[in-house]
Amino acid sequence: MKAGGKSRRKYALRSLRSQLLARTLLILALLLVLIGFLQYFLMKDFLYRSRAEAMDTQLNSIPADLLIKDSQEQSGVTAPQEQTNRRNNRPGPFLFWPDMSLASIDIDGTFQSLSNENGLKPPRLTIEQYHAMQQSKRMRHGYQLITDAQGKEQLVVFRPLGPPDRSSGLLQMGVSTNSMQEQLINQLRTFILLSLIALAIGLALMLPVLRRTLVPLSRMVEAVKRIDAGNLAERFDAEQGQYEVDRLAVSFNGMLERLEHSFAAERELQMQMRRFIADASHELRTPLTSIHGFLEVLLRGAASNPKQLQSALESMYGESKRMNKLVSDLLLLAKLDRTPELKLEDIPLDALLLEMKPQLLMLAGTRKVVFDMTAGIRVLAEGDKIKQVVLNLFHNAVQHTDMERGVIQVNLSAGKKLVDIQIRDNGPGMSKEQLERIFERFYRGDESRTRSSGGAGLGLAITQSIVEAHGGNITAESTPGTGSVFKVTLPLAGTV
């Protein structure tokens, strides 16, 4: 149970749905954190600026004569004694706001607090900083955050004392930032709470959405489970409404189709191999059995009889020739099955057929042979192999035509890129089933006739292999009762 629970938890963590959900929520949480930080800093700046503007308004609303009593302020000339009297004439502390501070800074940097004991202690800058602010042509706008002597942060604004052209110092007002910080913290807490609620709602909504979104993928997984070597006809729906899943389905369908064709070809190849081995064993066993029988007869005493000895030797010689031809054909097929090494030459095909004419006429015997050849046709081929192709097809036509009424036609013609060699006979023809298997190895349409003439059913298979090795094609057409025609197509020289 523990192992099963651990496996389920591991599967849940590694599932696509869990990873999509976790990563989506993580991205959403990061976005909310970023928004929270931006909101915090923007709101902080907004609150501080708003409060600074309000304080600046408050400073501007304070009458100047409450702060400074200087009868000579309009003359522009102030004696040192008068400056001292002016400092002595400043009013004492009068600010009663407990969370604010007020101070004045003379032109020489003298700092005086105007807050009472209930107010905040005004923070102080250095004399150099005050001088720099007074000497600046543009009085510093905005606010500053300064920490006072008690370690409390204050938001401080400044305004000049007196007319802008004859400033007699600065007026400084500060306010504690505690209330604004509390307001920001409360807003941040509210935002965090709302973000957590949003994440929870998002989790609740995304689970069924993801489950529904991944339904096509789950269907594909179930379909894959049903597929094995014996069931490759399964196909996926390529129109499920999701582009990526549809592309995956199309790719899977293509792969399954290739696998199905490969397995079918493999099964066919295995069947052909088993049939090939069985036929080859049968063909080899027949002459070996015959030779073995004749040897037994000779060993029993027939060797002392000259007539029986001569007959046995002739029969064994014929069987050995048949077996030797069969082995030679098998070796040739095995060689052609591999990448054949042909000695290609540019040869005149009509001249090659005319050279074979006496041999073909001798094979035909009393049968009528008609030659119809176009002159000047050249192909890139190995002459001996092409002769073997023509000889095999002609020999096949001779075997299936009557000696007296048989007619065999040898035609040679050419198109723009291809040359055709046709060998036609008026024999009994072949059925559709025979045509489908005519080029199979060891296949014999007429078992008795072929065996009596020594054939093993390899001639047409060898012919097809030779033609395909030259980049050509061979086909057969036949109608029962009217004869057959074999057509060999080869590329013309210069078109390969």
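## Basis of the model

The model is predicted: local features require pLDDT of at least 70, side-chain atom pairs count only at pLDDT 80 or more, and totals for chains, interfaces and linings use all residues. Residues are numbered from 1 along each chain as its sequence is written, and side-chain values use heavy atoms, with hydrogens and water left out.

Ile 27 lies in helix α2 (residues 16–61). Helices (H or I, at least four residues) and strands (E, at least two) are DSSP runs numbered from the N terminus. With a relative accessible area of 52%, Ile 27 is exposed; the classes are buried under 20%, exposed over 50% and partly exposed in between (1.4 Å probe, protein chains only).

One cavity of 30 Å³ or more is found in a search of the whole structure. On a 1 Å grid over the protein atoms alone, a cavity is a set of points where a 1.4 Å probe fits but cannot get out, and lining residues have an atom within 4 Å of a point. Grid points are joined across faces, edges and corners, and a volume is the space filled by probe spheres set on the points.

The largest cavity has a volume of about 40 Å³, and its lining consists of Gly 36, Gln 39, Tyr 40, Met 43, Leu 184, Gln 187 and Leu 188. Helices α2 and α5 (178–213) each supply at least two residues of this lining, with the largest share, four residues, coming from α2. By class, the lining has four nonpolar, three polar and no charged residues; Ala, Val, Leu, Ile, Met, Phe, Trp, Tyr, Cys and Pro count as nonpolar, Asp, Glu, Lys and Arg as charged, and the others, Gly among them, as polar.

## Salt bridges

The count comes to six salt bridges, each defined as a side-chain nitrogen of Lys or Arg within 4 Å of a carboxyl oxygen of Asp or Glu. One of them joins Arg 378 and Asp 346 at 3.1 Å, N to O. This pair links distant parts of the chain, with Arg 378 in strand β8 (residues 378–381) and Asp 346 in strand β6 (residues 345–348), 32 residues apart. Arg 378 is partly exposed at 39% relative accessibility, and Asp 346 is partly exposed at 42%.

Glu 355 pairs with Lys 387, the closest N and O atoms being 2.9 Å apart. Glu 355 in helix α9 (residues 349–364) and Lys 387 in helix α10 (residues 383–399) are 32 residues apart, and the pair links distant parts of the chain. Glu 355 is exposed at 54%, whereas Lys 387 is partly exposed at 24%. A salt bridge also joins Lys 385 to Glu 382, with the closest N and O atoms 3.6 Å apart; both residues are buried.

Ser 311 belongs to helix α8 (residues 306–337) and is partly exposed, at 40% relative accessibility. Its C-alpha lies 9.3 Å from that of Phe 294, 17 residues away in sequence.

In helix α13 (residues 459–469), the buried residues are Leu 460, Ala 461, Ile 462, Thr 463, Ser 465, Ile 466 and Val 467.

Conventions:
1 Å grid on protein atoms, 1.4 Å probe; cavity = no way out; pocket = protein on both sides within 12 Å on 5 of 7 lines; lining within 4 Å.
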